[in-house]
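Dear colleague,

Please find the structure below, followed by a short account of what was found in it.

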Amino acid sequence: MLNFSAKKMSIFKNKTGFFLILPFLYCLNISPGFCDTWEVKDLLIDHAYAFAAMSGKNGAAYFHIVNQGNSADDLIGVESPISDKTTLHQSVHENGIMKMRSVSSIAIPANSKVFLKPGDYHVMLFGLKKPLRAGEQFPMKVVFKKSGSAEILVRIFKMKTGDHE
């Protein structure tokens, strides 16, 4: 009979084991989050997500932009076949009231990170042509003033009560 009370072996016993297996998990696309990354010149776009919503209604999309370059750029447009109209917006607190405003562009300073997230800059999806279902994804084109454009995929998640980030 085997004795399983012997000293337990684990690759996670120390940090080295974890970092040794991490590249393999990435290659298998087994990760605790979502980390698809798209590159256009010096810009990296990642963490693109939206929350589930009904067709005919409106939705929103979010993502991160990392500018690895020494010159600023601007996000000037977004397009997606998932909705009738797709625009850039910013949420602002004004006199104790949260308001959304359409913006013509979002500045991406040199050597910086910009997060499109709930309660701040985001992409509005007006007149959804089909429901945004958790577990699915949809294409979106992001357009920059200097760097050109990139086609990204936006993953859809179920909204949990109280989620604001």
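**Findings in the predicted model**

Y49, F51 and Y62 are linked into a cluster by ring pairs (rings of Phe, Tyr and Trp, the last by its six-membered ring, with centres within 6.5 Å; planes under 30 degrees apart are stacked, over 60 edge-to-face, the rest tilted). The model is predicted, so local features need pLDDT of at least 70 and side-chain atom pairs pLDDT 80 or more, while totals for chains, interfaces and linings use all residues. Residues are numbered from 1 along each chain as its sequence is written, and side-chain values use heavy atoms, without hydrogens or water.

By the ring rule there are three aromatic pairs. Y49 and F51 form an edge-to-face pair, because their ring centres are 5.7 Å apart and their planes stand at 75°. Both Y49 and F51 are buried (under 20% relative accessible area, with a 1.4 Å probe and protein chains only).

Beyond its neighbours within four places in sequence, I152 is in contact (heavy atoms within 4.5 Å) with residues including W38, I45, A48 and P139.

S83 counts as buried because its relative accessibility is 4%. Leaving aside neighbours within four places in sequence, S83 contacts L125, F126, G127, L128 and K129.

Definitions and conventions:
Buried < 20%, exposed > 50% of the residue type's maximum accessible area, 1.4 Å probe, protein only.
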